[in-house]
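Subject: Structure handover

Hi,

Here is the structure I promised to pass on. My notes on it follow below.

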Amino acid sequence: MPEKTYREAIHDAMVEEMRRDETVFLMGEDIGSYGGAFGVSAGMLAEFGPERVRETPISELGIVGAAAGAAMVGMKPIAEMMFMDFILLALEPLMNQAAKARYMFGGKATVPMVVRMAGGSGTGAAAQHSQSLESILMAIPGIKVVAPSTPYDAKGLLISAIRDPNPVCFVEHKVLYKVKGEVPEGEYSIPLGVAEIKHPGTQLTVVSSGIMVSKSLAVATKLEAEGINVEVLDLRTLRPMDNEAIIKSVKKTGRLLVVHEAPQTGGWAGEVLAVVAGSEAFDYLDAPMRRLAGKDVPIPYNRFLEAAAVPQEADIEAEIRAILSNKY
Amino acid sequence: MVMWKKEEFDNYQTTDVLETANRLGLEKEKLIEMYRTMMKIRFFEEMADKQYALGKVHGTMHLSAGQEAVAVGSGFAIKKSDYLLNHHRGHGHFIASGADVNKMMAEFLGKDTGYCRGRGGSMHIADVTANNLGANGIVGGGLQLAVGVGIAIQMRKTDQLVLTIFGDGAANEGIFHESLNMAGIWDLPILYLCENNQYGMSANVNRVSAKTPFKARAEAYGIPGYYIDGNDVLAVYEFMKNASEHIRAGKGPVFVEAQTYRYFGHSKSDRNLYRTKEEIEYWKTVEDPIDRFEGLLLQADLLKVEEIKAMQNEINKEIEAAVTFAENSPEPDVKDLTEWVYA
């Protein structure tokens, strides 16, 4: 199978859908000749022209609002937010308009739009260009939130997100853009709302998404050599969350660690813990459930401080060992 | 007392209805229909207010009595195939665009037969299948959606336009500027109608706006702007008609600010502490848009006093029937609470 980067996989998904469906178009800042702040839309202006690769002013509120309006009348816009932090300028159209139009109009409207955004820390971009805001986006009914961890998933999930009749926030991790992985030629899609076991195991379940999946996988592989058997469950879609997969895995392993980069307070790990606590999986637990999340701090600039602000492999490993040995 | 800046109007006040109608190509039947629709809006709102007083309306509502000329003048100037994005004070515009008052009253009362099956209420009435993309509970909410609708129309190369209506309050929201800038750079088919009723809730437009009229702001984005008498239904019709022709000719967006006045408070919690009784009385007695149009029609002998009476009886019956329809309609089933959160 050919290898592609996460960036190329996202690019390919957009290009293939735009070739297939003329109602799909991309809008955002610097997506044309610049190729997008992260290079994801490189070459697309040449193929599709300025109407379907629509470069916008720096108007995040306007971009997401326009995407919602176009979607309400049958287009399938993809809005690129560049840095995820900038979505905070556009929560009004996302949360008050796009998320609610269908419901408040009695089921008569559909809003098929995607908002792509690059989240996460690790690039020294500091507090206003490094956030993981998934938990905030997930809190509003009517919105779906997707956060792929591999090039394969990124392409398949983005194709599904574009075809989905709802507003979908598609969270790309900026550190993953360069990561390579197997991506088959030709069309495929991955359904939204379905988690995947990325590494099967029997002693403990790690639930995570995005970049924390790669980190958890590295730890799982390392511990395997010692005979410690960790299952890594990649949620892939954060809302709707695949509760069934979480419950099933925890029933099998009896232990749970949730890992995410978003700050702990109000973070979605709490949601996962509540799902398990309120399910039949609770009776199968052999140890307290734990979460390992970003610290409750703005992401700092200095590389050591930045690394300390979010879970690293060593932290994940330490947590797993602690849970397995009942030492917290 | 708040007065309008009549000397700054871009329109001539309609004094001879026959001459104006002739110039605009409006038949007598059309004029009477416009008059009748204004009356229907007024009666609908008075009845809505009554339903509220009787405790039959669960939520709030924003009444537009006094602003009927803006609704009818603009509604009659665009086509059924055009898109409409409305503000929260939208009853008049919906009725002018041909909405079913039964479904409107039912939505008010929160019934399953309402436009939004009781999920939206007065502030969210929409009929997406009829290109009515909804009233909006967020001030300026329609301004951003209009950009996307305009993009869609432009990409499909149809001769539609999107009419986005907002109040004077919305002109001070950030989205106002983002929307006009985008419409300006892409020549989008958007007809901006600023319905200036002089108060954003309690805030007088001149107190909270650095410069009025707002057409200067439109011109700053390269969009032709007009400031007109919003209580002169034929003036509104004329400017909106011209604007729509400009847009359909592919010449880009147009901005029209219609000066008007609302009689009722902002919403049901309003005790009118920010304006005087004399001011409200002035607008009701001297500038009322229905009275003004009625006077012109009578003067031109296009309408007779007894015809008005008959028309009023007919509209009353229609509005009463809407109340009966709403009252006899079922409540939404609670088991359907979470339907339609996702498609």
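I'll start with one tyrosine. Leaving aside residues up to four places away in sequence, Tyr177(A) touches Thr5(A), Tyr6(A), Arg7(A) and Phe38(A). Please keep in mind that this is a predicted model.

Where does Tyr177(A) sit? It lies in the loop between strand 7 (168–173) and strand 8 (180–182) of chain A. Thr202(A) is 25 residues from Tyr177(A) along the chain, and their C-alpha atoms are separated by 31 Å.

Now take Arg7(A), one of the residues that Tyr177(A) touches. Arg7(A) belongs to helix 1 (residues 6–20) of chain A. Is Arg7(A) buried or exposed? It counts as buried, because it has 23 C-beta neighbours inside 10 Å. Its contacts, again without residues up to four places away in sequence, are Phe38(A), Gly39(A), Val40(A) and Tyr177(A). Phe38(A) is therefore on the list for Arg7(A) and on the list for Tyr177(A), given a contact cut-off of 7 Å between C-beta atoms. Arg255(A) is 248 residues from Arg7(A) in sequence, and the C-alpha to C-alpha separation is 34 Å.

Next, the two chains. How many residues of chain A are in contact with chain B? The count is 33, and they meet 34 residues of chain B. On the chain A side, the elements that give two or more residues are helix 3, helix 4 (91–98) and helix 5 (101–104). Helix 3 of chain A supplies the largest share, with 9 residues. By class, the chain A side has 17 nonpolar, 12 polar and 4 charged residues.

Helix 3 (residues 60–72) of chain A packs on helix 6 (residues 141–156) of chain B, at an angle of about 55° and with the axes 6 Å apart. That angle makes helix 3 of chain A oblique to helix 6 of chain B. The crossing of these two helices is right-handed. Residues from helix 3 of chain A in this contact include Gly62(A), Gly65(A), Ala66(A) and Gly69(A). Helix 6 of chain B contributes residues including Leu145(B), Gly148(B), Val149(B) and Ala152(B). The contact of helix 3 of chain A with helix 6 of chain B has 12 nonpolar, 5 polar and no charged residues.

Two helix pairs within chain A are also on my list.

- Helix 8 (residues 211–224) and helix 12 (residues 313–324) of chain A: their axes come within 9 Å and cross at roughly 55°. The two helices are therefore oblique to each other. The crossing is right-handed. Helix 8 brings Lys215(A), Ser216(A), Ala218(A), Val219(A) and Leu223(A), while helix 12 brings Glu313(A), Ile316(A), Glu317(A) and Ile320(A). Their contact divides into 5 nonpolar, 1 polar and 3 charged residues.
- Helix 9 (residues 243–253) and helix 10 (residues 269–277) of chain A: their axes come within 10 Å and cross at roughly 65°. This crossing is right-handed. Asn243(A), Ile246(A), Ile247(A) and Val250(A) of helix 9 meet Val272(A), Val275(A) and Val276(A) of helix 10. Here the classes are 6 nonpolar, 1 polar and no charged residues.

Best wishes

Terms used. Residues are numbered from 1 along each chain as its sequence is written. Chains are lettered from A and ligands numbered from 1 in the order in which they are written. This is a predicted model: local features need pLDDT of at least 70, side-chain atom pairs count only at pLDDT 80 or more; totals for chains, interfaces and linings use all residues. Axes are lines fitted to C-alpha atoms, for helices over the stretch in contact, and angles run from 0 to 180 degrees between N-to-C directions. Helices (H or I, at least four residues) and strands (E, at least two) are DSSP runs, numbered from the N terminus. Angles under 35 degrees count as roughly parallel, over 145 as roughly antiparallel, 65 to 115 as roughly perpendicular and the rest as oblique. A crossing is left-handed if the near helix is turned anticlockwise from the far one by less than a right angle, and right-handed if clockwise. Two residues are in contact if their C-beta atoms, placed from the backbone, lie within 7 Å. Ala, Val, Leu, Ile, Met, Phe, Trp, Tyr, Cys and Pro count as nonpolar, Asp, Glu, Lys and Arg as charged, and the others, Gly among them, as polar. A residue is buried if 20 or more other C-beta atoms lie within 10 Å of its own, exposed if 12 or fewer, and partly exposed in between; C-beta atoms are placed from the backbone.
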